[in-house]
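Let's take a friendly walk through a protein model, one kind of contact at a time. Keep the picture open beside you as you read.

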Amino acid sequence: MKSGFAMIGLMAAALVACSPQVAEETAALPESGKAALAERLYEQNCASCHDGAVNGAPTRAALEERSQAQVLASMNGGIMQAQSAALSPIDRVVLAEYLGKGEAARVATGPQCEGSLSFSGAPLWDRWGNNGANTRFQSREKAGLSVDEVERLELAWAFGFPGAQRARSQPAVTREALFTGSQSGHVYALDPKTGCIWWTYDAGAEVRNAPIIETGADGRPKALYFGDVDAVVHAVNPLTGEKRWSRSVRDHPDGTITGSIALHEGTLFVPMSSLEVVSAYDDQYECCTFRGGVTALDTDDGAQKWRWFSVDEPKKVGSTSIGVDIIAPSGAPVWSTPTVDAKRGLLYVGTGENYTSPANGNSDAIVALSLASGRLRWVSQTVAGDAWNAACGRDPKANCPEEDGPDFDFGAAPILVELPSGKDIILAGQKSGEVFGMDPDDNGRIMWRERAGMGGFNGGIHWGMASDGKTLWVPIADTPGNRFTVGPPSPGIHAFEAATGRKLWSRIEESTCDEPGYACQTALSAPLTAIPGVIFAGAHNGRLIAYSAQDGSVLWMDETNRPFDTVNGAEAKGGSIDSAGVVVADGMIFVNSGYDKFGEIAGNVLLAYRPAGERE
């Protein structure tokens, strides 16, 4: 790789990010002054967020693992476009060349699968929650694993994502193919047994959610859908990786797709989130105008069917202490996966906090929408008056709303299950550390409410729970740093009776060493996955754990925070397991390891396990 500032012309040409004049002007800067200029630009524009990993911003060390092209692309048209708007093209190039010390992101190469891909039947694990109800429960037939076999799991293969610092696109799996995205924007179809590559698709921006498979009349996959960080939804032929269509759903400069897409009878339901919560950190930024919600698209061509907004049209409501406009209502993003209730014709959606005051009635809530029209049917709000943005973490905090928190989103997808009595219930988990049972037949009335953890802006309950209809298994992170917490920290796994909320058992995971930091935290932020008798979990410190579903005892564990030899030859290591959970299918388990946000442990590997003694 070319080092220093020698890549300026290459970046300008490859990214069409700068004009020839900009390239010439930047190259003309004296070498002795470039580093000083870059450091000053970093301190003035970047350090306040990245040095402190504010609201999930990658640390400076994580930024320096990225390539110059990656850093520049994120400022010019990607995830940091709004935050970089005040920088000149020259300043952006100088910053990118100064910070970007890593290898250029590239498509993963490796052994190609022989023959052509075909499907023998229905998917084994489809979409984020494994079904429209988001139970994250896998039947014994599809799991293909018994408790005894889980205790004999060993690594079958590892697949490395070149140039990546995180791996968070939870796979969708059939008997013949595993589909997963990557930080570079490449989506891969791999053979589940060997890790060989069937095909690769370039989305052009990071794909961090779980692909979802649509099946045809024969029950076999006919389309694959996913969203990217630039809020573009892609439809791909699952046999070949050929693009069928792509459609931008971005209706705000900071709009993005974090949660996975839901699907029902020819309609895609896209959760709408944003990075404006971070843009507000700049005290000169007029905060805020993003409106969370859901966009419904037609699976045939991506045409919009409806758009539901979680807040009304924003307008000026005041000024900050330094005279910048305050715009409200705003926020209430949807960054979890929507849940489909076909019987009632409803879509259940979890929302986050408002960005500005006054907070409205749709934030920190489970919301029911009509599947057909997007019309609001009911709202069950559990925390009122929650307004917060990243400015609340700085001093002075001009853009911080007067409530200043607590930032207790529903980031975990609602779960819809049928109880042993035959009655349906919605199970919801919140970053507050509380779990809820809600009545879908009574406008979301709260039937029970119990505390599982102390809560916090990173959970509490962060990404997702699992249930078989009798028991609700709840992961708790309870990381330090939130003044709204209640009680002692309870990181680990907790089991509740789904019908009543009665606590059945808890397994608290103590820190694994005396030093502070994620390398020691066995906190469970990633979603759980359940099969009969076993609950799978991933921890901040990289531990992959299988718990007994009956009492929480540990059945099996592996340390993923280490380097791995990969089937595709890419240099790879594991790290924190966060945002994406374990997938169980056909006698194997699959999990991503590595997560560079909030100062967690970076990594870039997809791991596949099978019981010892069983080979393809």
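## A left-handed disulfide between neighbours

In this predicted model, the torsion about the S-S bond of Cys 287 and Cys 288 is about -90°, so this disulfide is left-handed. The two sulfur atoms lie 1.9 Å apart, and a disulfide here is a pair of cysteine sulfur atoms within 2.5 Å. Are these cysteines buried or exposed? Cys 287 has a relative accessibility of 1%, so it counts as buried. Cys 288 is buried too, because its relative accessibility is 0%. The cut-offs are as follows: buried means under 20% relative accessible area, exposed means over 50%, and partly exposed is in between, using a 1.4 Å probe and protein chains only.

Two notes before going on. This is a predicted model, where local features need pLDDT of at least 70 and side-chain atom pairs count only at pLDDT 80 or more, while totals for chains, interfaces and linings use all residues. Residues are numbered from 1 along each chain as its sequence is written, and side-chain values use heavy atoms, with hydrogens and water left out.

## The other disulfides

How many disulfides does a search of the whole structure find? There are four. A disulfide is a covalent bond between the sulfur atoms of two cysteines.

One of them joins Cys 113 and Cys 196, with 2.0 Å between the sulfur atoms. Its S-S torsion is about 105°, so the bond is right-handed. Cys 113 sits in the loop between helix H7 (89-99) and helix H8 (140-143), and Cys 196 in the loop between E4 and E5, so the pair ties together parts that are 83 residues apart in sequence. Helices (H or I, at least four residues) and strands (E, at least two) are DSSP runs, numbered from the N terminus. Both Cys 113 and Cys 196 are buried.

Another disulfide links Cys 392 and Cys 400, whose sulfur atoms are 2.1 Å apart. The torsion about that S-S bond is about 95°, so this disulfide is right-handed. Cys 392 and Cys 400 are buried. If you number the bonded cysteines of the chain in sequence order, the pairing reads 1-2, 3-4, 5-6, 7-8.

## A four-stranded sheet

Now look for an open sheet of four strands, in the order E2-E3-E4-E5, with antiparallel pairing. Two strands pair if DSSP finds at least two bridges between them. At the edges are strand E2 (172-173) and strand E5 (197-202), each pairing on one side only. Strand E4 (residues 186-190) is joined to E5 by five bridges in the antiparallel sense. Which residue of E5 stands opposite Val 187? That residue is Tyr 201.

## Nonpolar cores

A nonpolar core is a set of buried Ala, Val, Leu, Ile, Met, Phe, Trp, Tyr and Cys residues joined through side-chain atoms within 4.5 Å. The largest one has 30 residues, and those touching the most other members are Tyr 225, Val 233, Trp 245, Val 249, Leu 268, Val 270 and Leu 297. Strand E7 (221-227), strand E8 (232-236), strand E12 (267-274) and helix H10 (276-279) each give two or more residues to this core. The largest share, three residues, comes from E12.

Setting aside its neighbours within four places in sequence, Leu 268 has contacts (heavy atoms within 4.5 Å) with residues including Tyr 225, Val 233, Trp 245, Ile 261 and Leu 297. Apart from this core lies another, of 22 residues, among them Leu 145, Ala 526, Trp 556 and Leu 607.

## Salt bridges

A salt bridge is a side-chain nitrogen of Lys or Arg within 4 Å of a carboxyl oxygen of Asp or Glu. By this rule the count comes to 28. In one of them, the side chains of Glu 313 and Arg 291 meet at 3.0 Å, N to O. Glu 313 is exposed, because its relative accessibility is 58%, whereas Arg 291, at 17%, counts as buried.

The side chains of Glu 559 and Arg 543 also meet at 3.0 Å, N to O. This pair links distant parts of the chain: Glu 559 is in strand E32 (residues 554-559) and Arg 543 in strand E31 (residues 543-548), 16 residues apart. Elsewhere, salt bridges that share partners join Asp 341, Lys 343, Arg 344, Lys 423, Asp 424, Asp 439, Asp 441, Asp 442 and Arg 445 into one network. Within it, Arg 445 and Asp 439 meet at 3.6 Å, N to O.
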